Each structure stands twice: as structure tokens, then as C-alpha cells.
Amino acid sequence: THSFGEYQSSFWLANVGAAIIIRNAISPAFAKQLAAQGIPCVSIAHDYFPAPVKMVCSDNRQGMHLAFDYLFSKGHRRIAFIGDLTQFDLRKRYEGYCEEYSRKNIPLDETLTFFTQNTTYLGGFNAAKDFVQRKCDATAVIAGAGLLAEGFKAHLKDIDPALFESIELVTFDVMPVQLLSNKSTMAIDLNLMVLAHSCINI
């Protein structure tokens, strides 16, 4: 659709029996129009409320629990989070991140959170710059999306190689580019086949 939350062309609707919407690929107004025309819609990881669009998403809180426990078991207590909270799945991951601090009886330190404007490589790039400028003392980072992790790693290596080597990173959503990464990263990945199967079954 070449857009985020804006697409609303309806010229093809006469030939559509149902729609699967990936994240915020269309505008809320268009989601409402699809529903009004009786076209069954399912969204993957985006809430189009109040339009009657059903949603399928991964268990983000469980994913965050796994990520946090992995880092905690390795001795990390200062764990930062990078993510774009306008995205439904990343927002739920951040909520899980906050809950994990509470579960461990550790006060949540807001200086460990880095909110980005998107989930792209550039978002991670800017987060790394902010990380260094703030002199963040986190020993581990959880990135809410794969490209954020890659941008963060690449820029952190450029501006502070020693810090880059000392930080342990866990990310969500494995991206093909991570196969070419300059540093291995533990990942909490999605089962895309299960998501697709769930959408079709709805």
C-alpha cells in the first residue's frame, strides 16, 4: 500500500471478498469503509477500533517475559527498551517490559526507555545516538523490532565501539538483514504461519 495508516483507495473493492490488513497498512477511515461494505476484515497487530475489525497478534507479554528472564539470568539488572509506542505490538511489548520490572521488584527507571518515531533502521540509529548522549548505563537492551536492533547496533559500533561490545541485545521479529549482522543477537521471533492460519480461520 506504500503508506502507513493512509491508504484508502477503493477502486478494487468490488472484487474483494475479505481482507487481511498487516499492521497499519490502511487508514482507519478505510478500515471503517471496508466494514461498512460488509467485507470481513482481520488486522495483524493493529487495533482499528471502533471499526469492527478483528485482530490477530502474537503474545507480546510472554515474549517480553522470555526476553527479560533471559537477560536477568545472565546477571543484567539495567535493561533498556527501544521501541515505537504508536505500533500496537511494540506498545504491548513495552507494557510487558514495565510489568517485568514490577515482577522482579525493581523500580522502573524511565531513563532506560528510548521511544522511537518508527520501527525502521533509522529509528534504531537515532536511539543509539540518544543512548550515548544520555550516557545510559544499561548493560542490556531489548529492541521492540528487528530493524530497530540493526540500526542501533550499527550506529553504536560507529560512535562507541567499546560500548557496542559491552552491550547485550535481545530483539523481537527476526529480519533477513540480521543474517548479515556484525553482532549476533538473541531474538524473540513470531510464527508467521500460525498468524496467517489464525487470520484465515477467523
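The model is predicted. Its aromatic pairs number 10, and one aromatic cluster is formed by F68, F72, F81, Y94, Y97, Y101 and F115. Strand β4, which spans residues 79–83 and contains F81, has five of its five residues buried.

**Aromatic pairs**

- The ring centres of F81 and Y94 lie 5.4 Å apart with the planes at 50 degrees, so this pair is tilted; an angle over 60 degrees would have counted as edge-to-face.
- Y97 and Y101 form an edge-to-face pair, because their ring planes meet at 80 degrees, with the centres 5.2 Å apart.
- Y97 and Y101 are both in helix α3 and four residues apart, so about one helical turn separates them.
- Y97 has a relative accessibility of 0% and therefore counts as buried; Y101, at 1%, also counts as buried, the cut-off being under 20%.

**Charges over the ring of F72**

- F72, a member of the aromatic cluster, has the charged end of R77 over its ring, 3.5 Å from the ring centre.
- K104 also lies over the face of F72, at 4.2 Å from the ring centre.

- Because five of the five residues of β4 are buried, the strand is largely enclosed by the rest of the structure.
- Both faces of β4 are covered, with I79, F81 and G83 buried on one side and A80 and I82 buried on the other.
- Strand β6 (residues 140–143) pairs with β4 in the parallel sense through four bridges, and the bridge partner of I82 in β6 is A143.
- Strand β5 (residues 113–115) also runs parallel to β4 and is joined to it by three bridges.

**Nonpolar surface patch**

- I20, I22 and I200 make a nonpolar surface patch of about 330 Å².
- I20 is located in strand β1 (residues 19–22).
- With a relative accessible area of 46%, I20 is partly exposed, as this value falls between the limits of 20% and 50%.

Notes:
Residues are numbered from 1 along each chain as its sequence is written. This is a predicted model: local features need pLDDT of at least 70, side-chain atom pairs count only at pLDDT 80 or more; totals for chains, interfaces and linings use all residues. Side-chain values use heavy atoms; hydrogens and water are left out. Rings of Phe, Tyr and Trp (its six-membered ring) pair if their centres lie within 6.5 Å; planes under 30 degrees apart count as stacked, over 60 as edge-to-face and the rest as tilted. Helices (H or I, at least four residues) and strands (E, at least two) are DSSP runs, numbered from the N terminus. Buried means under 20% relative accessible area, exposed over 50%, partly exposed in between (1.4 Å probe, protein chains only). A charge sits over a ring if NZ of Lys or CZ of Arg is within 6 Å of the ring centre and within 35 degrees of the ring normal. Patches are made of residues with over 30% relative accessible area and no salt bridge: like charges are joined within 9 Å, nonpolar side chains (Val, Leu, Ile, Met, Phe, Trp, Tyr) within 5 Å. Accessible areas come from the Shrake-Rupley method with a 1.4 Å probe; for residues, only the protein chains shown count as cover. A salt bridge is a side-chain nitrogen of Lys or Arg within 4 Å of a carboxyl oxygen of Asp or Glu. Two strands pair if DSSP finds at least two bridges between them.
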